Amino acid sequence: MMDGEKRLTRKKNILFSAASVVILCVLLFPLYWALITSLKTEQEIFQNPPTFYPHILNSKSYAAQVETGDFNMFRSFANSFLISIGATVIAVLLAVPASYGIAKYHFKGRKVMLLSFLVTQMLPVSVLLTPMFIMFKNMYVYNTWIAAVLADATIGIPFSVLILKNYFSSIPKDLEEAAYLDGCNKFTAFIRILIPIAKPGVMVCAIFSFLYAWGDLAYGMTFILDQEKRPITAGIFNFMGQYGTKWSYLTAFAVVTIIPVALIFIFMQKYIVSGMTSGAVKG
Amino acid sequence: MKKIKRMFRYENVGILFVFPAFLYMLVFVGYPIIRNIILSFQDVSAGNLVRGTKSFIMFDNYSALFHDSIFRTSLSNTLRYTILCLVFQFMIGFILALFFNQRFALAKPIRGILLAPWMIPVTVTALMFKLLFATDIGVINYILRSLHLINKNIEWLTTPGTAMFALICANVWIGIPFNMILISTGLTTIPKELYESASIDEANKVQTFFNITLPLLKPTIESVLILGFIYTFKVYDLVYVMTSGGPVNSTHMLSTYSYKLSFEMFKYSKGSAVANVLLLILLVVGIFYIKVTTGGEEE
Amino acid sequence: MKRKKLIALFAVLTMTAGLITGCGTSGNTEESAASVDEGAAGEETAVDEGAAEETASEAEPAGEAEAVTIWYYWETEGHQVALDQVIQEYNSSQSNYEVSAKYVPFADFKKQLSIGASADELPDIAILDSPDHASYVEMGIFEDITGKFDVGNYYEGTVNSCTVDDKLYGVPFGVNCLALYYNEDMLSAAGCEVPTTWDELMTTAKALTTDSVTGLALCSVQNEEGTFNFVPWLWSTGATSYDINNENGIRALSFIQSLINEGVMSKECINWTQGDVMNQFIAGNVAMMENGPWQIPTMQSEAPDLNWKVTLIPKDSEYSSVLGGENYAVISGGNVEGALDFLTYATSEEQVKFMMDKFGYISADKTIAANQFAADSPYQPFVEELNYAMPRGPLAEWPSVSDAISLAFNQVITGTATPEDAAAEAQATIDGIVK
């Protein structure tokens, strides 16, 4: 199937690849800068002109994070992970059927429902914190990771609905009808035919839901009081308040936060990227 | 008649698919919206939050906002910030999506890595950009100095105009992968046969882009822009961590100002009113979006 | 065909039902998980420190000890350890109450208390920043504890900060104030005397400023922390917190602005917390700083070789400083008995002395403070400075007044307004609050 597409000439291939490497370097420079800053000594950070690689390798800022015991990196990392996975599962489970319903059925009030999904995305945190807090307290989940999961899912759901509805609507009707002829009903057609076709879209929604939950600061910080249950973002924020301009410490913390996720994504990206960009509609 | 009846039942099934998600959002987000609207018409502050009467003062909170200079700044900041961010991140994201849609050897792996800025918690991004834009040790000042574009360090985060610029840079950096990936995925929904027939017709690249790519991408582009608008418009974390609305309130957004009023100054009702203004603007954008995306459909 | 539709409907219904019951069951487990959590709350905070875990879990099922929770915002490890030590000793000294303390970051503290007030989810004791005390009293979440504690010997300003309408709503934890730190080596290298007036301060700061060193730094962030650092300069001219738009107020703003314009203070100060300012000072990037005594333990451990001293904040027309520190407050509706019992223990002379030393604070009790430090102690200048220190407020609307003051100072520092305009604007805001 791929060969149907025009292949690039060898020369163009090299040229484009080189250009893409340049783009990569420019866009990821902030990350590189954080990494090398974390490996410099405080004196070197203040050196003028700045050094583009650490002249004296300083790993003290990393050691310090293990030593200062009150905040546990690994635990907060695991918390974040648990919360993000939970939120992703809820978001995908609820959003996939919902977006299918909106895309394929022109029921009454459909526009209103679509609009209300949009509206839920529009709320500034200051509106949500207090009422959500009261609800979670009444549900007896305040100060547990479940509160953060439930809150974070509210970011992922509407987003996923709005994105996925495009995928479902781009699937030709005749494909569905062919499924009915094969003896599928609405539900099984949805499960067997439509979800696999919309897989790239589902993938994107899962990733985005995960990342929204992963990056959340306000919910994790408000609905979870105990430091040891809080997500990693709350830890960094705290750390910034504590170490202000001690850049070697701060960047080391940032790197430790980024690396594990980066690894997961680098190892998984083959699946993610191919899932997202493989010819979806061809079926 | 029979057909209509059948249609009706058929659509009913649709509601059932949507209902669980709708219910979830109604519970967790519907209640806060209503509470917030009520709160904005009351006069709740520290004194009567827990005890005492909460009297309704109707639109007083809203009319007070018109005389509040920080509110006006926040409103114009939010608009300026959102539009500038959208323009840049969409353009760069689009160009990158098209570029990485070419089949060269490194296209897929590098596009994958470029997702990185998106998966980094905003809190960390804010920290990194604070470092890049630092006055004395910031590498951006160094680069500009070496290129002889400036001869004195710019105090990015401590000067009102430039602090906004730094925020926009950070947000665009986060937003590029978002735009790139959604547009990339949108590009895959365009049947390749269309391009093939276009190349048979010997249409040039620009023509193909405007005649095939752009029209077929329209739903994707609409989603990207509208979602981008909504997420940018209610920006909170990035501003809160990077500038906290400073220097001298010059980077306050509606969301950060509402937060500050509610949780730092205990002016709950006024904070709610600010949040409602934000909500109202987004609602208008949302209705516009629904109109545009579902306008062509028969209902 | 019809049958298929029915099946479809059924399928969707089951799915929905599954989701709802799914929620329901998880709700139940959450409930039990949460109640376990509540019971174990004390245990969890204590895990970091170790020992309390067993006592908590032993005491809980027997129902002997009632839980008493405390919220505080100190991020400094030394502070946390010291407080926990007092709590441990208290817990093992009696069996009626089991106290546990929870760290709530400062940036979050106000929000957590105010949301907690709406949701009726508060600790039994809060240790909070003294200028905010009056706001929470107005919110009605603090217990009136008049007559329960003898605060007759306490510094008047600290008692005022927790008194509203002649009723006592809290007990001062400890006090601090701001003073001027200077790098002795830098001063002697530049041949400067220790400055005592604003003019001298300006000359000294100019002499100390080099390519890599700025003369003076003071935390200027636009929030309560910034206000805390500005008001000594404001008050030194004779201006008050509520009366800024006059010759005196403008002079204070102009002076701060001239520090920036002369290049002896970095504009970056608006991003520096007091901790950052201290880090800049011990890194040798700053020659003089305005800061509090709680930095001393950290400075001594992180920069033992640095030669520094503390002196009074240079004056315009009169010496002035600002009273800082925290108050204990008992939450009404909580475990008031237990809270009072613990506070009685924690405010005893022995415990106060122990904590003040570890914290780098000065006791709010004048008699304890008088003998707290040796004559050559670096803390001694702060005790002297306390004589000139005044409290912020007390006023329920203090957060709004404070906001106006720190805005005015930030405006002149960033050059976005002239001192005259900044003073006028601040005055307009304050007049709208304090009628």
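Which residues are buried in α4(C)? In this predicted model, the buried residues of α4(C) are K110(C), K111(C), Q112(C), L113(C), S114(C), I115(C), G116(C) and A117(C).

**Helix α4 of chain C**

Helix α4(C) covers residues 106-119, which makes 14 residues. At 1.5 Å a residue the helix should span 20 Å, and because its end C-alpha atoms are 20 Å apart, the model agrees with that expectation. The cover over the buried residues of α4(C) comes from three chains, A, B and C. Chain A contributes elements including α6 (125-138) and α11 (218-223). From chain B the cover includes α12 (254-264), and from chain C it includes β3 (125-129) and α5 (133-139). Just after the helix, D120(C) adopts a positive phi of about 55 degrees.

Strand β11(C) comprises residues 321-330 and is mostly covered, with ten of its ten residues buried. Strands of a sheet pair through backbone hydrogen bonds, in either a parallel or an antiparallel sense. The table lists pairings of β11(C).

| Partner strand | Sense | Bridges | Residues that stand opposite |
|---|---|---|---|
| β6(C), residues 171-177 | antiparallel | six bridges | C177(C) and L323(C) |
| β12(C), residues 389-390 | parallel | two bridges | M390(C) and V322(C) |

**A four-stranded sheet in chain C**

Chain C also has an open sheet of four strands in the order β8-β9-β7-β10, with mixed pairing. Its edge strands are β8 (214-218) and β10 (308-311), each of which pairs on one side only. From one strand to the next, the twist averages 20 degrees. Four bridges join β8(C) to β9(C), residues 286-291, in the parallel sense. Within this pair, T214(C) stands opposite V286(C). Helix α8(C), residues 198-208, lies across β8 and β9 of chain C and runs at about 120 degrees to β8(C).

**Confidence in chain B**

How confident is the prediction in chain B, and where is confidence lowest? The average pLDDT of chain B is 85, and 94% of the residues score at least 70. Confidence in chain B is lowest in helix α9(B), residues 192-200, at a mean of 75. It is highest in helix α3(B), residues 69-100, at 94. Where pLDDT is low, the predicted coordinates should not be read in detail.

Methods. Residues are numbered from 1 along each chain as its sequence is written. Chains are lettered from A and ligands numbered from 1 in the order in which they are written. This is a predicted model: local features need pLDDT of at least 70, side-chain atom pairs count only at pLDDT 80 or more; totals for chains, interfaces and linings use all residues. The expected span of a helix is 1.5 Å times one less than its number of residues. A residue is buried if 20 or more other C-beta atoms lie within 10 Å of its own, exposed if 12 or fewer, and partly exposed in between; C-beta atoms are placed from the backbone. Two residues are in contact if their C-beta atoms, placed from the backbone, lie within 7 Å. Two strands pair if DSSP finds at least two bridges between them. pLDDT is the predictor's confidence in each residue, from 0 to 100. Axes are lines fitted to C-alpha atoms, for helices over the stretch in contact, and angles run from 0 to 180 degrees between N-to-C directions.
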